[in-house]
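Please look over the sequence and the model shown below before reading on. The report that follows goes through a few places in the fold, one after another.

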Amino acid sequence: MIQERPVPLVEGGGTPEPLARVLRQVGEVILGKESVVRLALVALLAEGHILLEDVPGVGKTLLARALARTIGCGFRRIQFTPDLLPADVTGAAIFNQKTREFEFYPGPIFSEIVLADEINRASPRTQSALLEAMEEQSVTVDGVTYSLPKPFLVMATQNPIEYEGTYPLPEAQLDRFLMRLHLGYPERSQEMNILAQFRRQEAERQLSAVLSVEELRQWQATASRVYVDDIMEGYIVDVVRATRRHPDVELGASPRASLGLMRAAQAHAVTEGRDYVVPDDVQAVAKAVLAHRITLRPEARYRDKESGGVVAEVLGQVEVPRSRGRVGQL
């Protein structure tokens, strides 16, 4: 079937200037993590959600806040604790004695960018309320459904080294996140720059909106229309299916992972100024999209094998399709 192709985003390639401004400004605050910042923008363009799994103090909250300020959209932070209730996230209907009616008071989930801090510290019931809102893009209270704003991005954080008193997300819930990202520790020079920024107290304060919410919606629509050739669709499926056959994998990635990988590849192509997907797009996002969706065998974990390494091995095993030309086909 012949697909209608949009016009090229950037003549000759390269990041479109509106998106480049976002990357530059957030990169001035999140130092030395250009690839993570780009992947966060890719997830936003793909209308997916992000799981930030890292040790405390490396800038997870700052990344979410900087992204919100740069785009000029709302930002809310929810600190997940064991006593947090679903209504504390979604909102609740409260009786108004003056009007003698119940009125809905929206919770912090009603924001364009929501940081769910330490999501694994809340009970499974509260986690489910958040994950249902992420999936349905709406909240239902007392039989009434309320739509969440668009764009809508949840960035949830987990501490991978401290599990006492936590409720780890099961595989089925991890699958709801488009990407899992790691910031990691900065290099020495980058950490010195962080100290200098803190001393001047100017980096985050100087952040300004360089992209409007309406412009972001347009870029999201552009990403959804990026052309994916049948051969590229086959490459995406082959990569995902290869995770199911890997000898170190107990549970491979699901068909939802194939959809997520395609959406992320389309969005990545946009950040590169292209209106069609190439193998480089798939490879650039594969680890972030697939690593948290596969379960390793116990013997592999004993050998300190990591799911990200398995994805890298899979990418090396699956044959990469050749380009057959630019217009309408690969």
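## A serine in a loop

Ser-111 is found in the loop that runs between strand 4 (101-106) and strand 5 (113-117); helices (H or I, at least four residues) and strands (E, at least two) are DSSP runs, numbered from the N terminus. The model is a predicted one, in which local features need pLDDT of at least 70 and side-chain atom pairs count only at pLDDT 80 or more, while totals for chains, interfaces and linings use all residues. Residues are numbered from 1 along each chain as its sequence is written, and side-chain values use heavy atoms, with hydrogens and water left out.

Is Ser-111 buried or exposed? With a relative accessible area of 5%, Ser-111 is buried, where buried means under 20% relative accessible area, exposed over 50%, and partly exposed in between (1.4 Å probe, protein chains only). Not counting residues up to four places away in sequence, Ser-111 touches Gly-74, Phe-75, Arg-76, Pro-149 and Phe-152, a contact being heavy atoms within 4.5 Å. Val-249, by comparison, is 138 residues from Ser-111 in sequence and 37 Å from it in space, C-alpha to C-alpha.

## Nonpolar cores

In soluble globular proteins, nonpolar side chains tend to be buried together. A nonpolar core is here a set of buried Ala, Val, Leu, Ile, Met, Phe, Trp, Tyr and Cys residues joined through side-chain atoms within 4.5 Å. The largest such core in this model has 75 residues, and the members that touch the most others are Leu-45, Met-179, Leu-181, Leu-261 and Leu-290. Helix 2 (residues 34-45) gives the largest share of this core, namely nine residues. Another core, of 24 residues, lies apart from it and has Ile-109, Ala-116, Leu-131 and Ala-156 among its members.

Met-179 shows how such a residue is surrounded: leaving aside residues up to four places away in sequence, its contacts include Leu-39, Val-42 and Ala-43, and also Ala-264, Val-285 and His-292.

## Two helices crossing helix 10

The axes of helix 2 and helix 10 (residues 255-271) come within 8 Å and cross at roughly 115 degrees, the axes being lines fitted to C-alpha atoms, for helices over the stretch in contact, with angles that run from 0 to 180 degrees between N-to-C directions. This crossing of helix 2 and helix 10 is right-handed; a crossing is left-handed if the near helix is turned anticlockwise from the far one by less than a right angle, and right-handed if clockwise. On the side of helix 2 the contact is made by Arg-38, Leu-41, Val-42 and Leu-45, and on the side of helix 10 by Ala-264, Ala-267, His-268, Val-270 and Thr-271. By class, the contact of helix 2 with helix 10 has six nonpolar, two polar and one charged residues, where Ala, Val, Leu, Ile, Met, Phe, Trp, Tyr, Cys and Pro count as nonpolar, Asp, Glu, Lys and Arg as charged, and the others, Gly among them, as polar.

Helix 8 (residues 213-224) and helix 10 also have axes that come within 8 Å and cross at roughly 115 degrees, and helix 8 passes helix 10 in a right-handed crossing. Trp-219, Thr-222, Ala-223 and Ser-224 of helix 8 make this contact with Gln-266, Ala-267 and Val-270 of helix 10. The contact of helix 8 with helix 10 has four nonpolar, three polar and no charged residues.

## Salt bridges

Side chains of opposite charge can pair when their charged atoms come close. If a salt bridge is taken as a side-chain nitrogen of Lys or Arg within 4 Å of a carboxyl oxygen of Asp or Glu, the count comes to 13 salt bridges. In one of them Arg-256 pairs with Asp-175, the closest N and O atoms being 3.0 Å apart. Arg-256 lies in helix 10 and Asp-175 in the loop between helix 6 (171-174) and strand 9 (179-181), so the pair ties together parts that are 81 residues apart in sequence. Arg-256 is partly exposed, with a relative accessible area of 32%, whereas Asp-175, at 12%, counts as buried.

Asp-248, Arg-303, Lys-305 and Glu-313 are linked in a network of salt bridges. Within this group, Arg-303 forms a salt bridge with Asp-248 at 2.8 Å between the closest N and O atoms, and Lys-305 forms one with Glu-313 at 2.6 Å.
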